[in-house]
Protein chains: 2
Amino acid sequence: MIETFAALAEPNRFRIVELLRRGPRAVNDIGERLHLNQPQVSKHLRVLKEVGLVEVQHQAQQRIYELRARPLRELHDWLERYRRIWEERFDQLDELIDDLSTKEKTHDDRKRK
Amino acid sequence: MIETFAALAEPNRFRIVELLRRGPRAVNDIGERLHLNQPQVSKHLRVLKEVGLVEVQHQAQQRIYELRARPLRELHDWLERYRRIWEERFDQLDELIDDLSTKEKTHDDRKRK
DNA sequence: CGAGAACATGCCTTGACAGGAATATACGTA
DNA sequence: TACGTATATTCCTGTCAAGGCATGTTCTCG
């Protein structure tokens with residue numbers, strides 16, 4: 001989980017993932033589209049592969065990289081446990097908080113700041 | 001988005017978020033439960049706050065930190081765009097890949113570049 | 001007003017990691 | 001087999017961020 005976050009936290013890696021969402025691509029192809037030089041792409045793909053976000057298939061001298069489901073699904077499952085939180089209407093939540101703080105404050109009214 | 005990933009990629013920060021899922025907590029409280037010293041907790045909370053993952057409410061000298069919805073919802077929305085991918089049965093996907101590579105290989109009969 | 005509690009911030013050191021350049025490796029083909 | 005293409009790996013360097021420690025700040029209460 002943390003590994004997945006770390007992998008996606010790097011901007012260029014994130015862009016690669018976004019690109020691969022539209023389908024499998026070869027290394028050079030990725031490099032050209034994202035204006036990255038080849039070694040960088042290979043390195044980033046390595047990291048992505050280590051956390052299972054992509055997988056390779058050899059095709060002649062080319063390596064076709066493709067997104068894989070597992071880490072994304074794990075991410076989704078993890079996020080589900082927070083659904084209760086991220087589904088709240090936030091203005092409503094804001095009110096609640098304001099409520100709480102003012103309530104606390106007026107509750108012990110000794111002197112104003 | 002990337003900021004959120006970066007924030008969650010740090011192990012102790014991740015633990016803090018997991019803890020806060022069960023409800024708001026004060027700084028010292030968090031430190032004790034996670035065996036972190038106070039400055040660390042404060043620093044991590046700062047990062048989490050900067051990306052909007054938590055919000056504070058003052059309560060006497062205490063600072064109560066609480067998870068917020070927005071980044072989590074953004075994460076969810078982002079992930080939705082990958083649903084097509086992470087919902088696939090993966091053994092099925094494996095077959096597809098094997099299929100493709102052999103197929104490409106057998107009728108790739110072009111001569112020049 | 002002074003002290004203590006609960007946090008925040010600053011400085012320093014160290015480790016991890018991204019980028020660049022050069023080089024190594026795998027594969028297909030003439 | 002030799003060579004070109006596509007990709008991987010290595011080495012180096014600079015940057016940035018986490019941890020530890022010390023100190024600053026805010027708030028409350030006697």
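Modeller: Two strands count as paired here if DSSP finds at least two bridges between them. The model is a predicted one. With that cut-off, β1(B) and β3(B) qualify as a pair, since they are joined by 2 bridges and run antiparallel. Within this pairing, B:Ala26 stands opposite B:Ile64 of β3(B). On the other pairing, β3(B) and β2(B) are antiparallel and share 6 bridges. One of the residues involved is B:Val54, whose bridge partner in β3(B) is B:Leu67. The hairpin formed by β2(B) and β3(B) has 2 residues between the strands, and B:Ala60 takes a positive phi near 60° there.

Taken together, these strands make an open sheet of 3 strands in chain B, in the order β1-β3-β2, with antiparallel pairing. The edges are β1 (25–26) and β2 (54–59) of chain B, each of which pairs on one side only. Strands of a sheet pair through backbone hydrogen bonds, either parallel or antiparallel.

Next come the helices. α2(B) lies across β1, β2 and β3 of chain B, and runs at about 85° to β3(B). α4(B) also packs on the sheet, where it touches β2 and β3 of chain B, and its direction makes about 120° with that of β2(B).

The packing can be followed at residue level through B:Val17. Leaving aside residues up to four places away in sequence, B:Val17 touches B:Leu8, B:Leu48, B:Leu53 and B:Leu67. B:Leu67 is also the bridge partner of B:Val54. The largest nonpolar core has 29 residues, of which A:Val54, B:Val17, B:Leu48 and B:Val54 touch the most other members. Two or more residues of this core come from each of α1, α2, α4 and β3 of chain A, and from each of α1 (2–8), α2 (11–20), α4 (38–50) and β3 (62–67) of chain B.

For chain A, α2 (11–20) can be taken as the example. Its buried residues are A:Arg13, A:Ile16 and A:Leu20. They sit on the same side of α2(A), because the arc they cover around the axis is only 55°. The elements they pack against are α1 (2–8), β1 (25–26), α3 (27–34), α4 (38–50), β2 (54–59) and β3 (62–67) of chain A.

Definitions and conventions. Residues are numbered from 1 along each chain as its sequence is written. Chains are lettered from A and ligands numbered from 1 in the order in which they are written. This is a predicted model: local features need pLDDT of at least 70, side-chain atom pairs count only at pLDDT 80 or more; totals for chains, interfaces and linings use all residues. A residue is buried if 20 or more other C-beta atoms lie within 10 Å of its own, exposed if 12 or fewer, and partly exposed in between; C-beta atoms are placed from the backbone. Helices (H or I, at least four residues) and strands (E, at least two) are DSSP runs, numbered from the N terminus. The arc is that of the directions from the helix axis to the C-beta atoms. Two residues are in contact if their C-beta atoms, placed from the backbone, lie within 7 Å. A nonpolar core is a set of buried Ala, Val, Leu, Ile, Met, Phe, Trp, Tyr and Cys residues joined through C-beta atoms within 7 Å. Axes are lines fitted to C-alpha atoms, for helices over the stretch in contact, and angles run from 0 to 180 degrees between N-to-C directions.
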